[in-house]
Amino acid sequence: MTSSPNQDPARVRRRRVRAGLTQGGLAAQADISQSYMSMLEAGACSASPPVLARLAAALGCEIEELMPDEPSAAKVPA
């Protein structure tokens with residue numbers, strides 16, 4: 001079973017583009033490598049809570065805004 005990333009890759013990318021940052025620019029501000037930033041946006045890996053906090057700070061948003069929506073009770077299998 002494959003786990004989902006902690007971050008929503010599409011939300012991270014949209015926020016980055018809206019902020020006018022390149023992957024390298026956001027990576028530098030969040031103190032991570034550009035290749036790690038690329039993997040986060042691709043959903044190939046999960047961001048740790050400290051990395052999520054640094055990304056949110058660099059993007060001027062809350063951590064929750066970078067995370068996937070929680071599944072509703074109707075979508076969770078019994």
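**View 1. Leu55 in helix α4.** L55 lies in helix α4, where helices (H or I, at least four residues) and strands (E, at least two) are DSSP runs numbered from the N terminus. The model is a predicted one, in which local features need pLDDT of at least 70, side-chain atom pairs count only at pLDDT 80 or more, and totals for chains, interfaces and linings use all residues. Residues are numbered from 1 along each chain as its sequence is written, and side-chain values use heavy atoms, with hydrogens and water left out. L55 has a relative accessible area of 0% and is therefore buried; buried means under 20% relative accessible area, exposed over 50%, and partly exposed in between (1.4 Å probe, protein chains only). Leaving aside residues up to four places away in sequence, L55 touches L26, A30, I32, M37, L40 and L66, a contact being heavy atoms within 4.5 Å. Between L55 and V12 the C-alpha to C-alpha distance is 8.4 Å, although 43 residues separate them in sequence.

**View 2. The buried face of helix α1.** P9, R11, V12 and R16 are buried in α1. These buried residues fall within an arc of 165° seen down the axis of α1, so they line one face of the helix; the arc is that of the directions from the helix axis to the C-beta atoms. The cover over the buried residues of α1 includes α2, α3 and α4.

**View 3. The contact of α1 with α3.** Helix α1 (residues 9-18) and helix α3 (residues 34-42) have axes that come within 7 Å and cross at roughly 125°. Axes are lines fitted to C-alpha atoms, for helices over the stretch in contact, and angles run from 0 to 180 degrees between N-to-C directions. α1 and α3 are therefore oblique to each other, given that angles under 35 degrees count as roughly parallel, over 145 as roughly antiparallel, 65 to 115 as roughly perpendicular and the rest as oblique. From α1, P9, V12, R13 and R16 meet M37, L40, E41 and A42 of α3. The residues of this contact comprise five nonpolar, no polar and three charged; Ala, Val, Leu, Ile, Met, Phe, Trp, Tyr, Cys and Pro count as nonpolar, Asp, Glu, Lys and Arg as charged, and the others, Gly among them, as polar.

**View 4. Helix α2 and its packing.** Q23, L26, A27 and A30 are the buried residues of helix α2 (residues 23-30). They cover an arc of only 100° around the axis and thus sit on the same side of α2. The buried residues of α2 pack against α1, α3 and α4 (49-59). The axes of α2 and α3 come within 8 Å and cross at roughly 110°, which makes α2 roughly perpendicular to α3. Q23, G24, L26 and A27 of α2 form this contact with Q34, M37, S38 and E41 of α3. The residues of the contact of α2 with α3 divide into three nonpolar, four polar and one charged.

View 5. D31 is placed in the loop between α2 and α3. Its phi is near 60°, a positive value in a residue other than glycine. Most residues other than glycine have a negative phi. D31 is exposed, with a relative accessible area of 63%.
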